[in-house]
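Please look over the model first, then read the points grouped by topic.

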Amino acid sequence: MSPVPYRIGFVMDQIAGHVTNYRNLRSASSQEPDIVASWHEIHYYKAGGNFERVRERFAPKASSYVSGVMRGAWEVKHALRDKDNWDAIFTNASVGVFFSPAFRHVPTMIDFDSTPVQIDRMEAYGSSKDAKLVADLKWHLSRRLMRSATLLQAWSNWARQSAIDDYMVDPEKIIVNPPGVDLSFWTPATEEPAVRQPRRILFVGGDFRRKGGHLLLEWFQARRAESWELHIVTGENVEQQDGVFVYRDMKPNSERLLRLFRDCDLFVLPSLGECFGIATVEAMAAGLPVIASDVGGTADIVDHGRNGFIVAAGDVAGLGRAIETIMVDPELRVQLAFRSRSIAQERFDLNANARKTFAHLRRIARRPRAAEA
């Protein structure tokens, strides 16, 4: 008799860093022969879609937020039509708050990099303060979702603690398991970083200002180091200038992006608002020292003084001191780079962390139906 597979429904947001995590997890699932995965992508915008056309026709000046929520909720509802055929559900969908009854019906793991309360506390995300009635409703919906889940998987201790402190979730119900990166793809350059000239600083962030790119650019322009270059990967319209190179068409997990990581000496992400910087993990896997700001789950990624530095968010002078400490000391830079790769191997191996996720899903899943003779 052949082994009975676990049928798992994956209902996953397609926004920001969650897209890369979704692709990585989907790739890793191919190594799990006893898991039959049903993948459902949840989008919040579709050019020319029905929700978008209705908003543009009847409320053209209104925020796209409402139509986005409606689209996302509709796509989750569509995905959950198959829930009775699943042994477990894995989801990170932000509109999952509307589907708590379904998640109580099928064993569910909720994956999250932050809680709504944490996002609302970060001014950099641009969220206006909700009226008390709205804030209370969001809190109750989020708390109900967390309680409906069988298991919660937090990306960091920072996110886990918020679920405990702000939503009163049982600590025994929450595991910490960050997303990993493909360590066979994200590998260091063979050339020692100490011998490259000119020295290159790398920034990767789609949301340039929220990720603190403007602060790094401000510091770099003021310093005017002729022997250093700043390389910026972003989708925003940042001006290229002397010593500043901008890449607007880089694709995640691409050979071109990997080459850029390998060609640089230091990765800097001075975010003003951040939940979990996957780009920082990629930089570490590629063997770069890293500097990041003290927001979100950064403390779970960067070991201050061991593979880089954690600086205060918004402190341009402190950011500059950290950069110069690393850039002017070739021996230190090589040591930090080596430790970055080591930490990535210890904590952020995609296959190892994905196996943990799949193991937890097997543990909470309904017993698979017997195989047909």
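Which elements do the buried residues of α10 pack against? They pack against α1, β7 (199-204), α9, β10 (266-269), β11 (290-293) and α12. This is a predicted model: local features need pLDDT of at least 70, side-chain atom pairs count only at pLDDT 80 or more, and totals for chains, interfaces and linings use all residues. Residues are numbered from 1 along each chain as its sequence is written, and side-chain values use heavy atoms, with hydrogens and water left out.

**Terms**

- Helices (H or I, at least four residues) and strands (E, at least two) are DSSP runs, numbered from the N terminus.
- Buried means under 20% relative accessible area, exposed means over 50%, and partly exposed lies in between (1.4 Å probe, protein chains only).
- Contact means heavy atoms within 4.5 Å.

**Helix α10**

- Helix α10 spans residues 278-285 and is mostly covered.
- Eight of its eight residues are buried.
- They are I278, A279, T280, V281, E282, A283, M284 and A285.
- G287 follows α10 and has a positive phi, near 80 degrees.

**Helix pair α1 and α13**

- Helix α13 covers residues 350-364, and its axis lies 10 Å from that of α1.
- The two pack at an angle of about 80 degrees; axes are lines fitted to C-alpha atoms, for helices over the stretch in contact, and angles run from 0 to 180 degrees between N-to-C directions.
- α1 and α13 are therefore roughly perpendicular to each other (angles under 35 degrees count as roughly parallel, over 145 as roughly antiparallel, 65 to 115 as roughly perpendicular and the rest as oblique).
- From α1, the contact uses N24, L25, A28 and S29.
- From α13, it uses L350, N351, A354 and F358.
- By class, this contact has five nonpolar, three polar and no charged residues (Ala, Val, Leu, Ile, Met, Phe, Trp, Tyr, Cys and Pro count as nonpolar, Asp, Glu, Lys and Arg as charged, and the others, Gly among them, as polar).

- S29 sits in helix α1, residues 17-29.
- S29 counts as buried because its relative accessibility is 11%.
- A polar atom of the S29 side chain lies 2.6 Å from the backbone oxygen of R26.
- Leaving aside neighbours within four places in sequence, S29 is in contact with W39 and F358.

**Helix pair α8 and α11**

- Helix α8 (residues 213-223) and helix α11 (residues 316-327) have axes that come within 10 Å and cross at roughly 65 degrees.
- That makes α8 roughly perpendicular to α11.
- On the α8 side are L215, L216, E218, W219 and R223.
- On the α11 side are V316, L319, G320, I323 and E324.
- By class, the contact of α8 with α11 has six nonpolar, one polar and three charged residues.

**A buried glutamate**

- Is E52 buried or exposed? E52 is buried, at a relative accessible area of 1%.
- E52 belongs to helix α2, residues 50-58.
- Not counting residues up to four places away in sequence, E52 touches Y44, Y45, K46 and R71.

- M168 is not a glycine, yet its phi is positive, about 55 degrees.
- M168 lies in the loop between α7 (157-167) and β6 (174-176).
- M168 is partly exposed, with a relative accessible area of 47%.
- N253 is a residue other than glycine with a positive phi, near 55 degrees.
- N253 is in the loop between β9 (244-247) and α9 (255-262).
- N253 counts as partly exposed, at 27% relative accessibility.

**Distances across the model**

- A124 lies in the loop between α5 (116-121) and α6 (132-148).
- A124 counts as partly exposed, at 29% relative accessibility.
- A124 and D84 are 40 residues apart along the chain, and their C-alpha atoms are separated by 40 Å.
- Not counting residues up to four places away in sequence, A124 touches R210, L272 and G273.
- Q335 is in helix α12, residues 330-347.
- Q335 is partly exposed, with a relative accessible area of 35%.
- Q335 and F90 are 245 residues apart in sequence and 39 Å apart in space, C-alpha to C-alpha.

Definitions and conventions:
A polar contact is a pair of N or O atoms within 3.5 Å; within protein, one must be able to donate a hydrogen and the other to accept it, and residues adjacent in sequence count only if both atoms are side-chain atoms.
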